[in-house]
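Here's a quick tour for anyone meeting this structure for the first time. Have a look at it, then read on.

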Amino acid sequence: MSAQHSQAKNEKPVPAKDVKGVQTLTVTIADGKYSPALISVKKGKPVALTFKGGKNMGCGSTVEFKSLKQKQSVKEGKTVVFKFTPKEAGEIKFACSMDMIQGKVVVK
Ligand SMILES: [Cu+2]
C-alpha cells in the first residue's frame, strides 16, 4: 500500500456500493475534474452513477459515456444519473464532451 499522492491514473478504483441490487456511487464534478475518476463495478448488475455539480466545473459539467451513447449536463448544486448494466468485464470511459477531463469505470 502506497501512501504517495498519485494522479488519477494510478489510483485504486473506488467500488460502487450495492443499494438494493443497484451499484451506486456519486461522482463530484469540481475544479475541472471528476472525483472519483476511477470507479469499479461488477458485471451483470445494474449501475447508477450520480454526477453532482460542484464549483469550477468548467467543461466537465457535460459528461459523456461515449460507448453507452449517453450524455448529460449538470448545473452547480444539481445532479444527473447515468444508468446502465455492464454485460462484460472491461473499461467504460467517461469524459467531458471534448474528451479532456476523463474518468473510467472498471467492470470486473
Ligand atoms: Cu472539456
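What follows is a short briefing, grouped by topic.

This is a predicted model, so to speak of local features takes a pLDDT of at least 70, side-chain atom pairs count only at pLDDT 80 or more, and totals for chains, interfaces and linings use all residues. Residues are numbered from 1 along each chain as its sequence is written, and side-chain values use heavy atoms, with hydrogens and water left out.

**The copper site**

- Which residues hold the copper ion? The protein donors are C59 and C96, each through its SG atom, lying 2.2 Å from the ion. (Donors are N, O and S atoms within 2.8 Å of the metal, or 3.2 Å for Na, K and Ca; water is not among the atoms, so sites may look incomplete.)
- C59 sits in the loop between β6 and β7 (62-65), while C96 sits in the loop between β10 (90-95) and β11 (102-107), so the pair ties together parts that are 37 residues apart in sequence. (Strands here are DSSP runs of E with at least two residues, helices are runs of H or I with at least four, and both are numbered from the N terminus.)
- C59 is partly exposed at 26% relative accessibility, whereas C96 is buried at 2%. (Buried means under 20% relative accessible area, exposed means over 50%, and partly exposed is in between, using a 1.4 Å probe and protein chains only.)

**Aromatic rings**

- There are eight aromatic pairs. (Rings of Phe, Tyr and Trp, the last by its six-membered ring, pair if their centres lie within 6.5 Å; planes under 30 degrees apart count as stacked, over 60 as edge-to-face and the rest as tilted.)
- One of them is Y34 with F51, an edge-to-face pair at 6.0 Å centre to centre with 90° between the planes. It links distant parts of the chain, since Y34 is in strand β4 (residues 33-35) and F51 is in strand β6 (residues 47-53), 17 residues apart.
- Both Y34 and F51 are buried.
- F51 also pairs edge-to-face with F82, at 5.3 Å centre to centre and 80° between the planes.
- Y34, F51, F65, F82, F84 and F94 make up one aromatic cluster.

- L49 is in strand β6 and counts as buried, with 0% relative accessibility.
- Setting aside residues up to four places away in sequence, L49 touches L25, I39, F65, V80, V81, F82, F84 and V105. (Contact means heavy atoms within 4.5 Å.)
- The C-alpha atoms of L49 and V81 are 5.5 Å apart, though the two residues are 32 residues apart along the chain.
- E64 is in strand β7. It is buried yet has no salt bridge, and K71, the nearest side chain of opposite charge, is 4.3 Å away. (Lys and Arg count as positive and Asp and Glu as negative; His and the chain ends are not counted.)
- Beyond its neighbours within four places in sequence, E64 is in contact with Q70, K71, K93, F94, A95 and S97.

**How strands pair up**

- Strand β5 (residues 38-41) and β11 pair in the parallel sense over four bridges, and S40 has V106 in β11 as its bridge partner. (Two strands pair if DSSP finds at least two bridges between them.)
- β10 and β11 pair in the antiparallel sense over six bridges, with I92 bridging to V105 in β11.
- β10 and β11 form a hairpin with six residues between them, and D99 in the turn has a positive phi of about 65°.

**Salt bridges**

- How many salt bridges does the structure hold? The count is three. (A salt bridge is a side-chain nitrogen of Lys or Arg within 4 Å of a carboxyl oxygen of Asp or Glu.)
- K45 and D18 meet at 2.7 Å, N to O. K45 is in the loop between β5 and β6 and D18 is in strand β2 (residues 17-19), so the pair ties together parts that are 27 residues apart in sequence.
- K55 pairs with E76, with the closest N and O atoms 3.2 Å apart. K55 is exposed at 55% relative accessibility, while E76 is partly exposed at 47%.
- K104 and E91 meet at 3.5 Å, N to O. K104 lies in strand β11 and E91 in strand β10, so the pair ties together parts that are 13 residues apart in sequence.
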